[in-house]
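Here is a short note for a colleague who is opening this structure for the first time. Please read the points with the structure in view.

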Amino acid sequence: MSSSQDMIIDCHVHLSGRELEPELVETAARLGVDRLCVSSVGSWAYEPAPEDFIAANNDVAALQRRYPGLVLGFCYLSPAHPREAAAELRRGIEELGMVGLKLWVAAVANDPLVFPLVEQAICYHIPVLQHAWLKTTGNLPHESTPAQVAELARRYPEADIIMAHLGGEWRRGIAAVRGCPNVAVDTSGSIMELGMVEQAVAELGAKRVIFGSDAHGVDLPAALGKVLDAEITPAQRRQVLGGNMADLLAKRSGL
Amino acid sequence: MTWDACTLVGPWPFARLRYESAADLLRLLERAGIARALVSPLAGAFQQDPGPANQELAAQVACHRDRLLLAAACNPAWPGWQRDLRQAQEDLGAVGLRLFPSYHGYQLGQAEVAALAALAADCDLPVFITVRLQDERLHPPAFLVSAVPWEEVAALAQAHPGTRFVMSMGRFAELIPALRQTAGTGNLYADIAGVQGPTRCLDRLVAEVGADRLLFGTELLFQYAAAATLKVEHSGLSPRDRQALCMGNLQRLLRLPA
């Protein structure tokens with residue numbers, strides 16, 4: 001087994017329905033991807049009810065059991081249900097063995113509803129994977145912008161936040177979190193624009209850039225291609241591909 | 001061997017691109033193991049009269065015709081486009097035409113486009129229809145450009161069965177219905193430069209529409225080449241389908257020897 005610093009860890013993977021597709025597992029093995037950080041957003045409802053996110057987390061827990069060592073679960077919640085979300089995060093980390101918190105579009109990142117969950121994540125020493133985009137075509141009602149992620153990060157400098165998709169419009173996303181050392185960006189998503197990884201590494205430092213795919217929606221080889229093609233040093237590439245995520249995960253339990 | 005059906009060079013008006021020149025493109029193609037590429041001027045999308053951009057790019061690629069083939073930007077809404085088209089073929093050596101309908105502000109159902117399709121057939125030039133250059137979500141707020149609907153592309157191809165068309169930078173969900181709808185005429189191809197998912201997207205595409213009208217494409221210098229090359233490398237395509245996708249189909253489309 002590779003040392004944790006040489007691993008390839010995909011920090012942003014979703015299910016296809018209730019399953020990880022066998023083709024994805026096979027492709028990950030072929031590409032040398034050692035770990036998949038998996039979250040389920042259930043039926044992709046923007047404002048899931050507690051029973052929805054509990055069921056989604058049960059699906060991920062089942063995959064952790066089926067693929068031990070490969071699948072690392074991220075606990076998905078809706079901050080709009082504070083009591084149930086807090087209980088589910090506790091169950092996810094303490095009982096299901098999950099390693100991170102996933103927040104999507106049920107509440108914007110700087111909504112006070114999010115704060116208790118981030119405080120809980122800080123206590124557990126787990127990273128918060130926060131979806132972010134600022135779309136010219138219009139955001140979803142509670143979809144976080146990079147600026148809102150930055151505001152959350154400034155409020156909780158001890159939180160380890162991963163801003164997904166480099167914030168979508170990556171030049172703006174990188175600029176928005178430049179002054180927030182506790183925010184890393186993940187490279188996930190369907191945007192393959194040449195230079196995005198290099199610019200993130202140049203402006204944020206390699207320590208704050210983390211490989212992610214957004215599979216099953218994005219083809220894992222294409223997503224990995226962004227990082228493999230980027231003109232960064234071998235040491236920086238190792239950090240991006242897995243070293244940084246390994247460091248974040250080691251804060252709680254090691255790999 | 002791999003040929004790339006979709007590359008563009010030149011400046012992007014809204015942000016500094018990491019690379020902009022034909023020399024950069026040649027280096028990145030070499031690094032990606034791509035032997036040959038069809039290239040168009042990015043400025044051709046933003047200048048209503050794309051003639052000067054074509055001339056500038058033709059001068060850059062003149063010494064590299066074994067590697068770079070010109071797909072001249074063409075705007076059928078610009079007066080005199082017929083003369084420009086012929087000059088692009090005869091004087092600049094263009095082997096294809098690239099349209100930017102949303103950027104030049106016309107729809108594919110307009111009479112000018114029908115005239116262009118007819119002339120392209122006379123000149124034996126394939127027509128590349130740029131469905132989008134960039135994900136619409138990333139467009140500058142004051143310059144949101146809609147994607148060309150796949151229905152318009154398919155309808156154009158069906159209306160002109162003697163012309164070869166390529167749907168360029170379409171997404172997975174757009175390619176499948178467009179290629180299905182034109183199965184009868186068989187004159188619509190599509191590049192894979194805009195297809196980034198889902199898992200094993202190329203296998204799924206081939207299962208749905210076959211491999212014979214799919215073209216390898218990167219959208220260099222706008223996108224990472226490895227996003228496309230790894231998609232192919234880690235697909236489950238048969239050697240026959242892989243060869244067709246990576247080179248054979250484009251070679252046939254351009255009527256070029258290997």
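In which hand does α8(A) pass α10(B)? The crossing is right-handed. Keep in mind throughout that this is a predicted model.

1. Start with helix α8 of chain A, residues 220-229. Its partner is helix α10 of chain B, residues 225-233. The two pack at an angle of about 135°, and their axes are 7 Å apart. Angles over 145 degrees would count as roughly antiparallel. α8(A) and α10(B) are therefore oblique to each other.

2. **Who meets whom.** From α8(A), the residues in this contact are Pro221(A), Ala222(A), Leu224(A), Gly225(A), Lys226(A), Leu228(A) and Asp229(A). From α10(B) come Ala225(B), Ala226(B), Ala227(B), Thr229(B), Leu230(B), Lys231(B) and Glu233(B). By class, the residues of this contact are eight nonpolar, two polar and four charged.

3. **The wider contact.** Now step back to the two chains. Chain A gives 33 residues to the contact and chain B gives 29. On the side of chain A that touches chain B, α1 (22-31) and α8 are the elements that give two or more residues.

4. Chain A holds an open sheet of eight strands with parallel pairing. The order runs β1-β2-β3-β4-β5-β6-β7-β8. The edge strands are β1 (9-13) and β8 (209-210), and each pairs on one side only. Inspect β6 (161-163) and β7 (183-186) of chain A: three bridges join them in the parallel sense. In one place to look, Ile161(A) has Val183(A) in β7(A) as its bridge partner. Helix α2 of chain A, residues 50-66, packs on the sheet and touches β2 (35-38) and β3 (71-76). The direction of α2 makes about 170° with that of β3(A).

5. **The sheet of chain B.** Chain B also has an open sheet of eight strands, paired in parallel, in the order β1-β2-β3-β4-β5-β6-β7-β8. Its edge strands are β1 (3-9) and β8 (214-215). Two bridges join β7 (188-191) to β8(B), and these strands run parallel. Ala190(B) stands opposite Leu214(B) in β8(B). Helix α7 of chain B (150-159) packs on the sheet, touching β5 (127-130), β6 (165-168) and β7. Its direction makes about 175° with that of β6(B). Helix α8 of chain B (172-181) packs on the sheet too, touching β6 and β7, with its direction at about 165° to that of β7(B).

6. **Backbone points to check.** Most residues other than glycine have a negative phi, and most peptide bonds are trans. Three places deserve a look. The bond from Gly197(B) to Pro198(B) is cis, with omega near 5°. Pro198(B) lies in the loop between β7 and α9 (201-209) of chain B. The bond from Leu220(B) to Leu221(B) is cis as well, with omega near 0°. Leu221(B) is in the loop between β8 and α10 of chain B. Trp44(A) sits in the loop between β2 and α2 of chain A.

7. **Confidence.** How does the model score? The ipTM is 0.96 and the pTM is 0.96. Chain B averages a pLDDT of 97, and 100% of its residues score at least 70.

Definitions and conventions:
Residues numbered from 1 in each chain as written. Chains lettered and ligands numbered in written order. Predicted model: local features only at pLDDT ≥ 70, side-chain atom pairs only at ≥ 80, totals over all residues. Axes fitted to C-alpha atoms, helices over the stretch in contact; angles between N-to-C directions. Helix = DSSP H or I, 4+ residues; strand = E, 2+ residues; numbered from the N terminus. Parallel < 35°, antiparallel > 145°, perpendicular 65-115°, else oblique. Left-handed = near helix turned anticlockwise from the far one by under 90°. Contact = placed C-beta atoms within 7 Å. Nonpolar A, V, L, I, M, F, W, Y, C, P; charged D, E, K, R; others polar. Pairing = 2+ DSSP bridges. pLDDT = per-residue confidence, 0-100.
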